[in-house]
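Here is a friendly briefing on the pockets of this protein. Have a look at the sequence and the model, then read on.

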Amino acid sequence: MIQAGTIQVNGRGHLEIGGCDTVDLVERYGTPLYVMDEELLRKNCRRFRNAMRQSYSRGQVIFAGKAFLVQAMARLVAEEGLGLDVVSGGELYTALKAGFPAEQIYFHGNNKSCTELEEAIDAGMGRIIVDSIMELEDIIALAKEKGKKVSVLLRLKPGVEAHTHEYIQTGQEDSKFGFALEDEALEGVRLTLSAPDQLELAGFHCHIGSQIFQVDPFRLAAQTMLQFMALVREKTGFVVSQLNMGGGLGIRYRNSDEPPSIETFVSNLATAVTNAAKENDFPPPELLLEPGRSICGEAGITLYRVGVIKDIPGIRRYVSVDGGMMDNIRPALYGADYEAVLANKADREGEKHVTVAGKACESGDIIINEAFLPAVEKGDLLAVFSTGAYCYSMASNYNRNPRPAVLFVRGGKARIVVRRESYENLVALDR
Ligand code: LLP
């Protein structure tokens, strides 16, 4: 069990989250079901903001919507005073529809279409994080056409390899994201500065990867970024004011995981930026961070109903549940590992390692290879922890499975923030 937020075992021996008994939640809302601890979501937003306030004079925290973005989440993030990072017209639309202030939205992506750029410029969103020369050219043309000036950050590849899964490493040289240092990045700077009526160069961005536990790669990235900022000043005389260090702080998926706390992470990063600025005799930039997973990951659990149990003598026991890779693609995509308990028998000790399988027509649809569970019976409820990030947002309708509902729970009350899809929804767009 991952002890996060309000998760605990209650007097009935059931798993509880947000003061709600998970067995009751399932009775009412069915399975599979994503349940998010609203208190923990809010607390994590506040911890980031406070940590930033305490360790750096000018800082801003921006939630990376790709981890989990629905309108209720956008509203929560706005209420907690964070900015929002979006990576598609769809995420932008969701945020605006939820009433998120456009000037607090940051637009990312390595291949934004002209339509998406236009939507962003029309909405008056805060900043576009530009990924390439071609995109700069598109923005200049659009801004000219609209007679608007757009504030941009250029995304750089600091050449840092973070210790994380290859698929979620992004700061290295061979990456589809960002400008390479130094020539390509300098070309981007010059192009930006050559269009002062259309573009304002606010600063630079980097994101070295995700689910990272070490602070060193961030420190290295901060040094490289500040060196480049100083180089830009030397070559062009222009002094940028913002540095966005991206997201990447890891969370606990297994009990053995020991990520640094939000406070340690922010304060170490802030120190690294302060020192790097000093070393380069550069004025300390405004510091932006874009956490995604570390805000919502541990706040979410997924509840499944156990169905078929199959013993393969001498090999393993398969325990199949009523969801799988369509609601959590991470084990199949990254070999991600999770902890689980039987939510209706949460007070019982584990007694056997079993393999938790999903219901998709794929042998690779395994949610947990080795889950240590008490005796499992058909009809039991399985709770998988730390599914609040990159599960709902990466969910699919594979095998025409409707996507689960998402609940926010708090103080013993549950509210549906995303309805369960129906079969009707599945065919709604078919012609
Ligand atoms: N900023 C940028 C520019 C990013 O690309 C990302 C994540 C973040 C911030 C937020 O990173 P976080 O704090 O969540 O680590 N689907 C993968 C993760 C992909 C991350 C993509 N970018 C997974 O499930 O592990």
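Helix H3 (71-79), strand S21 (413-418) and helix H12 (423-427) each contribute at least two residues to the lining of the second largest pocket. Helices (H or I, at least four residues) and strands (E, at least two) are DSSP runs, numbered from the N terminus. This is a predicted model, where local features need pLDDT of at least 70, side-chain atom pairs count only at pLDDT 80 or more, and totals for chains, interfaces and linings use all residues. Residues are numbered from 1 along each chain as its sequence is written, and side-chain values use heavy atoms, with hydrogens and water left out.

**Second largest pocket**

- This pocket holds about 460 Å³ of space.
- Its lining has 20 residues, and Tyr392, Arg403, Val418, Arg419 and Glu421 are the closest to the centre.
- By class, the lining of the second largest pocket splits into ten nonpolar, three polar and seven charged residues.
- The second largest pocket lies between domain 1 (8-30 + 299-427) and domain 2 (38-294), because both give residues to its lining.

**Largest pocket**

- Lys66, Val87, Phe177, His207 and Tyr390 are the closest to its centre among 34 lining residues.
- Helix H10 (293-296) and helix H11 (330-334) each supply at least two residues of this lining.
- Eleven nonpolar, 14 polar and nine charged residues make up the lining of the largest pocket.
- Domain 1 and domain 2 both line the largest pocket, so it too lies between them.

**Terms**

- On a 1 Å grid over the protein atoms alone, a pocket is an open set of points where a 1.4 Å probe fits, with protein on both sides within 12 Å along at least five of seven lines; lining residues have an atom within 4 Å of a point.
- Grid points are joined across faces, edges and corners, and a volume is the space filled by probe spheres set on the points.
- Ala, Val, Leu, Ile, Met, Phe, Trp, Tyr, Cys and Pro count as nonpolar, Asp, Glu, Lys and Arg as charged, and the others, Gly among them, as polar.
- Domain bounds come from an automatic or database domain assignment.
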